[in-house]
Every structure is written in structure tokens, then in C-alpha cells.
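Dear colleague,

I am handing over the structure below, and my notes on what was found in it follow directly after.

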Amino acid sequence: MTTNNNSVQVSVLGLGAMGSALADALLKAGHATTVWNRTPGKADALVARGAQVAATAGDAVRSGRLVIACLLDHASVHEVLDPLADELAGRTLINVTTTSPAESRELAAWAARAGIAYLDGGIMAVPHMIGRPGSSVLYSGSADVFHQYEPLLELWGASTYFGEDAGLASLYDLALLAGMYVMFAGFLHGAAMVAPVGVTASEFATRAAPWLTAMTGAFQGFAEVVDGGDYTVERQQSLLFSDLGHILAASADQGISTEVVAMVQRLIRRQIDAGHGEEGFARIIESIKQPG
Ligand SMILES: NC(=O)c1ccc[n+]([C@@H]2O[C@H](COP(=O)([O-])OP(=O)(O)OC[C@H]3O[C@@H](n4cnc5c(N)ncnc54)[C@H](OP(=O)(O)O)[C@@H]3O)[C@@H](O)[C@H]2O)c1
């Protein structure tokens with residue numbers, strides 16, 4: 001642990017892969033860090049680097065003005081924190097456990113009733129990225145907490161604050177993950193398409209990664225059309241041109257599921273059937289906004 005003149009007395013609840021990475025970054029920066037985990041034995045490496053280990057979550061809360069919760073889910077956060085509401089009163093809680101926007105707002109309301117300053121966080125990184133370039137953490141809830149602890153939060157990754165509505169960080173987090181999972185499914189669909197002709201997924205990945213990276217350049221153009229609300233603007237690929245029938249047929253010929261591509265085709269088809277075939281591909285957002 002290095003010396004830090006601005007050391008914060010901080011407690012980390014939850015030493016899974018992510019909680020351990022967060023605590024490690026705090027220790028490296030010289031913050032006086034107490035750690036607690038439900039199952040004993042996970043703190044050893046952190047203790048070797050200068051952490052204090054607390055026997056109970058209550059002991060951990062009492063030893064810090066700032067409490068970080070990095071547990072499994074919303075239910076586990078309540079399970080650990082509900083009995084400690086009185087001890088947490090007057091302290092600051094930053095919860096970076098993944099929760100839904102509604103759960104984040106519920107926890108913020110619970111904290112407000114208990115007199116706890118509350119900031120909600122959504123981590124856009126995997127544990128080994130914490131404290132490295134590419135890691136970012138999204139926050140919403142108390143602006144005072146965010147600004148007071150911003151230098152500490154920056155230790156984990158680039159920090160962005162979205163506003164007092166505690167659900168916003170989670171909403172952004174899950175919206176970004178939605179894009180990621182659908183992209184991953186698209187990549188894996190492509191890998192399944194070429195597999196029957198003996199192409200390995202690894203070989204396909206070397207082609208898919210630069211292709212998909214280049215295609216993200218289209219996001220801004222789609223976004224401008226969506227924000228402008230006029231899908232008839234020129235130089236866009238039309239919905240009729242975007243028909244995915246040939247990809248569906250080729251997938252079926254390869255003997256694989258067509259579900260991933262059929263999902264996109266359905267979104268396109270609903271707009272064509274509604275008479276918008278000559279309009280741009282970005283118009284499928286209207287299918288998404290208005291469930292069929
Ligand atoms: N790992 C990632 O890549 C990543 C990325 C972004 C966000 N996150 C989020 O970060 C949070 C932690 O993830 P992780 O990767 O550290 O998960 P993990 O390795 O599975 O660790 C889960 C942690 O939660 C604790 N826990 C589970 N249920 C509990 C309960 N009822 N009471 C007390 N403690 C309980 C576990 O304690 P025990 O050791 O006693 O089981 C452990 O410390 C999750 O919300 C996850 O979505 C993770």
C-alpha cells in the first residue's frame with residue numbers, strides 16, 4: 001500500500017472477482033481499506049497488500065465513512081444492508097452491484113429513509129480492466145457524493161455522472177449491455193454459419209472483429225436520423241434493400257438456427273408492411289419502441 005495524504009477510510013463489502021479488484025485499486029492508491037466477505041478466506045491477498053479484514057459486515061460499516069457494496073444482486077444487497085441501516089445512517093453508500101433501474105431507485109429511497117447518502121454505480125468493465133484504460137463506471141444518485149469522492153472513483157475507471165435519478169446509471173449500463181449481447185449473438189451466428197465448411201470460430205473472429213469495429217462508424221449516422229425523426233433522408237440504406245431473406249436462406253442451408261437474424265428481419269418487416277420500405281434502416285427503432 002502506498003502512502004496517500006488524502007486517504008479515505010473506506011469499506012468494501014463483497015470480495016468476489018469485482019469487489020476484490022475494486023478493493024485492490026483502493027489499496028494501491030493508499031486508501032485505508034477494510035474488506036468483508038460473507039464467506040471467509042477471500043481477503044487473504046488483499047490483507048497481504050494492507051487491507052484490514054472485518055469479521056462481520058457491521059464491523060466493516062462501522063470502520064469506514066464510505067461503504068462500497070459489490071455483491072451479487074439487489075436481494076443480496078438488502079440481505080446484507082437491511083440489518084445495518086442504523087449503522088449506515090450518516091455514512092455514505094456507493095452500490096456498484098448490478099441492479100435494474102427500478103431496484104436502484106428502490107435502494108436510493110431506502111437509503112434516503114435511513115439517512116444514508118447514496119450513489120449508484122454501473123461498472124462497464126471486467127475485473128482485470130479495473131484501474132486500466134478502457135474501464136468506465138457510470139454513476140447516478142447523490143451529486144454531492146459523486147463530487148466528493150470523484151478522485152477515488154477515478155481509480156477504478158473513467159467516471160461519468162448522469163444525474164440525481166439513481167436509476168440512470170443502471171439504465172445506461174443495461175442499455176449498453178443490450179447492444180453488446182446482441183452484437184455477440186450476431187458474431188456467434190456468423191461463426192455457426194461458416195462452421196459447417198470447416199472454418200473455426202477463431203479464424204472467423206479475426207475477420208469479424210475488424211468488420212464489426214468498422215461498422216460501429218455507422219452509429220452516429222443512424223443516431224442523427226433517429227434524433228431528426230426523418231427516416232426518408234437520402235444516402236441511407238432503405239429497409240427494402242436491407243431485407244435479410246438471403247441471410248436467412250443461407251443460414252437455413254447451413255443447417256443452423258435462423259433465430260438471431262430472424263429477429264432483425266421481423267423488425268424490418270413490420271416497418272415495410274406499414275408502408276415504410278423506402279425509408280432508412282434506422283427506422284427499425286420504431287418497431288423496437290412500439291412492440292408488435
Ligand atoms: N465480474 C464482472 O465482469 C462484472 C462486471 C460488471 C459488473 N459486475 C457486477 O459486480 C457485482 C459482483 O460481481 P462479481 O464478479 O464480483 O461476482 P462474484 O465473483 O460472483 O461475487 C459475488 C459476491 O457477492 C457475494 N454474495 C452473493 N450473495 C450474497 C449474499 N446473499 N450475502 C452476502 N454476500 C453475497 C459473494 O459472497 P460469497 O463469496 O460469500 O459467495 C461474493 O462476494 C455483480 O453485481 C456483477 O453483476 C461484475
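**Strand pairing and the ligand shell**

In β7, S140 is the bridge partner of D120. The two strands concerned, β6 and β7 (residues 136–141), pair in the antiparallel sense over six bridges, where pairing requires that DSSP finds at least two bridges between two strands. Strands (E, at least two residues) and helices (H or I, at least four) are DSSP runs numbered from the N terminus.

Please bear in mind that this is a predicted model, in which local features need pLDDT of at least 70, side-chain atom pairs count only at pLDDT 80 or more, and totals for chains, interfaces and linings use all residues. Residues are numbered from 1 along each chain as its sequence is written.

Strand β5 (residues 92–95) pairs with β6 in the parallel sense over four bridges, and L119 in β6 is the bridge partner of I94. Eight of the eight residues of β6 (residues 117–124) are buried, so this strand is largely enclosed by the rest of the structure; buried means that 20 or more other C-beta atoms, placed from the backbone, lie within 10 Å of the residue's own. A117, L119, G121 and I123 point one way from β6, while Y118, D120, G122 and M124 point the other way.

As for the ligand, 22 residues surround it, and the closest are G16, M18, R38, T39 and T98, a residue being counted if its C-beta atom, placed from the backbone, lies within 6 Å. The elements that give two or more residues to this shell are α1 (17–28) and α4 (74–81).

With best regards

Methods: Buried ≥ 20, exposed ≤ 12 C-beta atoms within 10 Å, placed from the backbone.
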